[in-house]
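Please examine the structure shown below.

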Amino acid sequence: MPSQEQDALYIATALRLATSALLLTDPNPRVGCVLCDADGKVLGQGHTQKAGGPHAEVMALRDAAERGNSVAGATAYVTLEPCSHHGRTGPCCDALIAAGIRRVVASLADPNPLVAGQGFERLRAAGVTVEVGPGAAESRELNIGFFSRMVRQQPWVRMKVAASLDGKTGLDNGVSQWITAEAARTDGHAWRARASAVLTGVGTVLEDNPRLDVRLVDTPRQPHLVVVDSRLQTPPDAHIFIAGRPVWIYAAVRDEDKAAALEARGATVTVLPNVDGKVDLPALLKDLAARGVNELHVESGHKLNGSLLREGCVDELLVYLAPKLIGSGLDIASHLHAGGPLTSLAGALPLEFKSVDLLGPDLRVVARVAGRDAF
């Protein structure tokens with residue numbers, strides 16, 4: 001029987017495999033699997049492929065077969081409960097059982113209601129020893145968006161802002177390129193790449209005409225693009241259509257002519273008004289979850305940022321700070337204005353720092369709304 005130290009070692013390897021699938025598996029979770037014999041020899045390993053492709057367990061079984069290794073009596077280390085339902089692939093728990101796996105060490109249960117412990121039950125019913133727990137925190141964090149979609153029925157929303165050390169996001173004349181250096185900008189594209197979709201507002205589309213695609217890092221897929229556009233002002237020739245990825249536009253009113261012009265460019269137009277005649281942002285998040293969006297990356301202007309914060313739609317802030325003093329300029333407070341003015345500090349939005357890192361000359365801060373991940 002492998003020791004706890006060996007279990008931790010192989011789960012760590014499985015987590016590294018899962019991390020290598022960070023940009024690949026969406027909307028499925030990022031999962032890794034390692035198969036070992038009683039002596040600790042690695043027989044096969046793998047990670048989940050793109051949606052519709054094999055899951056981690058099947059990839060590990062195939063790897064073992066290609067190496068000529070029998071896995072009968074082996075232990076499978078997997079970072080999420082093996083699935084138990086027929087989707088675009090067959091149940092992974094059945095594949096492990098059929099291969100003769102005798103022990104499964106999993107990081108945590110799958111929150112998908114179609115699985116939710118049933119994979120473990122089927123394994124145990126087949127005489128497989130199941131242990132759950134090693135690497136749970138790491139696996140959940142790697143799949144925070146998937147857990148959010150399954151448990152809360154809404155994506156994990158991450159808002160990105162770049163500013164100078166004195167809190168300026170641009171000059172008085174609107175110029176903001178580039179406040180941060182190349183390393184931070186590349187990192188920002190990496191965060192875009194891991195997201196299911198990038199969200200912006202029509203104001204940003206009209207003022208900057210950005211592409212908002214992933215260009216500075218290699219990626220096997222482009223995230224979808226979401227535009228909050230109450231009155232359907234998005235130009236059909238906007239750069240957001242260049243990348244050829246799905247573009248979802250959310251409006252508050254239906255204008256048939258404008259909608260037809262945008263739909264001719266491949267956009268999907270959805271009308272979701274709130275009582276104020278603007279786009280219902282919480283309803284938008286629910287709709288995106290129904291479309292399979294796990295992580296939503298926000299890069300928008302101060303008005304939409306403020307609305308998202310005030311309506312409690314933001315889970316995490318991704319803030320880049322450049323070692324510059326700009327003085328007079330556009331203030332970061334306008335982007336991160338969650339309401340007020342406050343009369344007491346007790347009313348401030350509480351955050352938890354998740355990480356603080358140097359990227360070239362710039363500082364990257366990841367801060368999470370306190371308690372938001374307790375689901």
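Phenylalanine 146 is buried, as its relative accessible area is 5%; buried means under 20% relative accessible area, exposed over 50%, and partly exposed in between, with a 1.4 Å probe and protein chains only. Phenylalanine 147, at 6% relative accessibility, also counts as buried. The model is a predicted one, in which local features need pLDDT of at least 70 and side-chain atom pairs count only at pLDDT 80 or more, while totals for chains, interfaces and linings use all residues. Residues are numbered from 1 along each chain as its sequence is written, and side-chain values use heavy atoms, with hydrogens and water left out.

Both phenylalanines belong to the buried residues of helix 6, which are Ile144, Gly145, Phe146, Phe147, Ser148, Arg149, Met150 and Arg152. Helices (H or I, at least four residues) and strands (E, at least two) are DSSP runs, numbered from the N terminus. Because 8 of the 9 residues of helix 6 (residues 144–152) are buried, this helix is largely enclosed by the rest of the structure. Its buried residues pack against helix 5 (136–142), strand 6, helix 10 (281–290) and strand 12 (295–298), where contact means heavy atoms within 4.5 Å. Just after helix 6, glutamine 153 takes a positive phi of about 60°.

A search of the whole structure finds 3 aromatic pairs. Rings of Phe, Tyr and Trp (its six-membered ring) pair if their centres lie within 6.5 Å; planes under 30 degrees apart count as stacked, over 60 as edge-to-face and the rest as tilted. The pair of phenylalanine 146 and phenylalanine 147 is edge-to-face, because the ring centres are 6.4 Å apart and the planes stand at 80°. Tryptophan 156 and phenylalanine 375 form a tilted pair, with 6.2 Å centre to centre and 45° between the planes. Tryptophan 156 lies in strand 6 (residues 156–164) and phenylalanine 375 in the segment after strand 16 (362–369), so this pair ties together parts that are 219 residues apart in sequence. Tryptophan 156 is buried at 0% relative accessibility, whereas phenylalanine 375 is partly exposed at 24%.

Elsewhere, the axes of helix 3 (residues 92–99) and helix 4 (residues 118–125) come within 9 Å and cross at roughly 20°. Helix 3 is therefore roughly parallel to helix 4. In this contact, Cys93, Asp94, Leu96 and Ile97 of helix 3 meet Gly119, Arg122 and Leu123 of helix 4. The contact residues divide into 4 nonpolar, 1 polar and 2 charged.

Terms used
Axes are lines fitted to C-alpha atoms, for helices over the stretch in contact, and angles run from 0 to 180 degrees between N-to-C directions. Angles under 35 degrees count as roughly parallel, over 145 as roughly antiparallel, 65 to 115 as roughly perpendicular and the rest as oblique. Ala, Val, Leu, Ile, Met, Phe, Trp, Tyr, Cys and Pro count as nonpolar, Asp, Glu, Lys and Arg as charged, and the others, Gly among them, as polar.
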